[in-house]
Amino acid sequence: MSRALEQPAYLAALAPLADVGHAADPGHAADPGHAADPGHAADPSDGGPVYLDCNATTPLEPEVLEAMSPYFLGAPGNPSSSDHRHGKRAAGAVAAASAAIAQLVGTSAELVIFTSGATEANNLAILGLAAHAEKTGRRHIISTELEHKAVLEPLRHLRSRGFDVELLQPTAGGWIDPAALARSLRPETCLVSIMQVNNETGVRQPLEQVADVMAGHDAYLHVDAAQGFGKDLAPLRHPRIDLMSISGHKIFGPMGIGALISKRRPGGQAPPLSPLTFGGGQQRGLRPGTLPVPLIVGLGKAAELAGRDAEERAASCRAFRERALEALSPLRPVVLGDPARSLPHVLCVAFPGVTSPRLASALAAHISVSRGAACTDGTHEAFSHVLLAMGLPDEQLQGAIRLSWCHRTPQPDWRGVVQVVQRLRGKVPDCFACRVGY
Ligand SMILES: Cc1ncc(COP(=O)(O)O)c(C=O)c1O
C-alpha cells in the first residue's frame with residue numbers, strides 16, 4: 001500500500017492544543033487586533049514576526065471586506081426566498097459571484113457549487129463520483145502521492161469500499177511525470193485527481209500535459225486547485241478539466257467558503273456527481289443548505305481581484321523571492337522542489353544541520369513559517385508525506401521549512417533570520433535522534 005494511504009499517525013495521536021505552533025496561526029487570540037484588521041493581516045507592524053505562511057491562509061483583501069460588509073450589515077435576504085426583493089437581491093449577489101468565478105476558468109455560472117472550502121469540494125468531487133463509478137463498474141482511480149489530505153483521505157475511504165486507488169510517485173523535483181499517468185490509465189479508470197500546485201513546495205503540476213494524456217480517455221479529471229486558483233489561472237482554463245476545487249482563504253477572500261467548479265464535456269454533459277448531503281435542494285441538490293451570501297460575495301470579489309491584479313501580484317512575489325534568496329544565501333539553503341516549476345510566492349527550503357521544529361520555533365520572533373502543511377501541523381507525523389514521496393535525503397527532510405508570502409508581505413529582518421540559523425548551527429548538533437516514528 002502506498003505510504004500516503006496508510007493509517008496516519010495523527011489519527012492515533014492528536015496533539016494537545018498547547019502544542020499547536022502559534023507561528024502557523026496568524027489569528028492567535030493574543031493578537032486579536034491584527035486578526036480583525038485586514039490592513040495588518042500580512043504584517044503586524046509592531047516589531048512582531050512577519051507572516052510568511054500565506055499557503056496556510058492569506059490575509060483578507062480590504063476590497064473583499066468592503067464588498068462583503070453590506071451583506072453582513074445591510075438588509076437580510078435568503079437567495080431561496082424568490083417572492084420578495086430581499087431574497088432577489090441575495091440571489092443576484094450569488095449569481096454575480098458565480099459568474100465572476102466561472103468566467104476566470106472558462107465555464108458557466110450554474111456549474112459553480114459553493115462549499116465550505118476546498119476540503120469539502122474535494123470530497124464532493126471524489127466521493128460524489130463514486131456512485132457513477134460503481135454503476136458503470138469502473139472502480140480504478142489514479143491520484144498522486146503529492147496530494148493534500150483533503151484528497152488522500154476520501155481516496156482512502158473509497159479504497160476501504162473496494163475501489164482500486166493508485167497513487168503516482170512524484171519526481172525528486174516534486175512534479176508528476178505525465179508519462180507515468182499514461183502508463184497507469186486503464187479502460188476501467190473512472191477518475192484522475194491531481195493537484196494544480198503543491199501546497200508545501202509551490203511546484204506546479206504539468207496539467208496541460210496531463211490533459212493531453214487524457215484526451216482520448218473517458219475518465220473524469222479533477223484538479224485540487226486550492227493553491228493555484230487565482231494565482232496561476234491559465235492551466236485551469238483547459239477544457240479537458242472536468243472538476244476543480246477552490247478555496248476562499250487561499251486567495252485573500254474569507255475563510256469558510258470554497259467551491260467545486262465543473263465543466264461540461266463537448267456533448268454538453270456535466271460530471272455525473274451525486275450529493276453527499278441532503279436537504280432543501282439548493283445548488284441543484286448537489287450541496288443543499290442555505291447559501292452563505294456574504295462569504296460567497298467575498299469569494300466572488302477575491303476571484304475578480306485575482307484576475308485583475310494577477311500580474312502585479314506575481315511581480316511583487318517574484319521580487320520578494322529574489323530578495324529572500326539573496327538574504328539567505330550565506331546559509332546555503334537547499335531549495336526543495338524544482339524552482340523552474342514553482343510559483344513565485346513559495347520557498348520550501350532545508351537548512352542542513354538544523355531540524356525544522358527547532359528552526360520554526362527559533363525563528364518565531366522574526367517570521368511565522370510552517371514546517372509542513374498547516375492542516376497537518378500539530379500532529380505527530382515525523383516528516384511531510386510530500387517531501388518523503390519526493391525521495392529527499394534525511395538531512396533535507398529534517399531541516400525543511402516553508403516560507404510563503406504574498407503581494408502585501410513586507411520584508412522581514414533577514415539579518416536576524418540568518419543569525420538565528422547560524423546560532424542553531426553552532427550550538428545544535430545534527431540531531432538524527434530527534435526523528436520520531438520514521
Ligand atoms: C492543496 C490543498 N487542498 C486542499 C486544502 C484544504 O482547503 P480548505 O482549507 O479550504 O478546506 C488545502 C489547504 O491547505 C490545500 O493546500
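Author: A nonpolar core, in the sense used here, is a set of buried Ala, Val, Leu, Ile, Met, Phe, Trp, Tyr and Cys residues that are joined through C-beta atoms within 7 Å. The model to which this is applied is a predicted one.

Reader: How many residues does the largest nonpolar core have, and which of them have the most contacts inside it?

Author: The largest such core has 117 residues, and those with the most contacts inside it are Ile-101, Ala-259, Ile-261 and Ile-296. Helix α10, which covers residues 293-328, gives the most to this core, contributing twelve residues. At least three residues of the core come from each of two assigned domains, namely domain 1 (3-60 + 310-434) and domain 2 (64-302). As background, nonpolar side chains tend to be buried together in soluble globular proteins.

Reader: What makes Ile-101 count as buried?

Author: A residue is buried if 20 or more other C-beta atoms lie within 10 Å of its own, and Ile-101 has 27 C-beta neighbours inside 10 Å, so it counts as buried. Ile-101 is found in helix α4, residues 85-105, and, leaving aside residues up to four places away in sequence, it touches Val-112, Ala-259, Ile-261, Leu-299, Gly-300 and Ala-303.

Reader: How do you know that Ile-101 and Ala-259 touch, and how far apart are their C-alpha atoms?

Author: Contact is decided on C-beta atoms lying within 7 Å, and Ala-259 is listed among the residues that Ile-101 touches. The C-alpha atoms of Ile-101 and Ala-259 are separated by 9.3 Å, although the two residues are 158 residues apart along the chain. Ile-261 also touches Ile-101, and its other contacts beyond four places in sequence include Ala-102, Val-105, Leu-111, Val-112 and Met-244.

Reader: Which residues cover the faces of strand β2, and how does β2 pair with β8?

Author: In strand β2, residues 112-115, Val-112 and Phe-114 lie on one side and Ile-113 and Thr-115 on the other, and these residues are all buried, which leaves both faces covered. Two strands pair if there are at least two bridges between them, and β2 and β8 have four, in the antiparallel sense, so the pairing follows from the definition. Within β8, the bridge partner of Phe-114 is Ala-259.

Reader: Why is β3 called largely enclosed?

Author: Strand β3, residues 140-144, has five residues, of which four are buried, and it is therefore largely enclosed by the rest of the structure.

Reader: What makes β9 and β12 edge strands?

Author: The open sheet has three strands in the order β9-β10-β12, paired in the antiparallel sense. β9 (334-335) and β12 (400-404) each have a single partner strand, so one side of each is left without a neighbour in the sheet. Two bridges join β9 to β10, residues 346-350, and, because at least two bridges are required, these two strands count as paired. The bridge partner of Val-335 in β10 is Val-349.

Reader: Why is Gly-426 called exposed?

Author: The limit for an exposed residue is 12 or fewer C-beta atoms within 10 Å, and Gly-426, in helix α14 (residues 414-427), has 9 such neighbours, so it counts as exposed.

Reader: Which residues come nearest to the ligand, and how does its shell divide?

Author: Of the 15 residues around the ligand, Gly-117, Ala-118, Thr-119, Asn-199 and Ser-247 come nearest. The shell divides into seven nonpolar, seven polar and one charged residue, with at least three residues drawn from each of domain 1 and domain 2.

Note on methods:
Residues are numbered from 1 along each chain as its sequence is written. This is a predicted model: local features need pLDDT of at least 70, side-chain atom pairs count only at pLDDT 80 or more; totals for chains, interfaces and linings use all residues. Domain bounds come from an automatic or database domain assignment. Two residues are in contact if their C-beta atoms, placed from the backbone, lie within 7 Å. A residue is near a molecule or strand if its C-beta atom, placed from the backbone, lies within 6 Å of it. Ala, Val, Leu, Ile, Met, Phe, Trp, Tyr, Cys and Pro count as nonpolar, Asp, Glu, Lys and Arg as charged, and the others, Gly among them, as polar.
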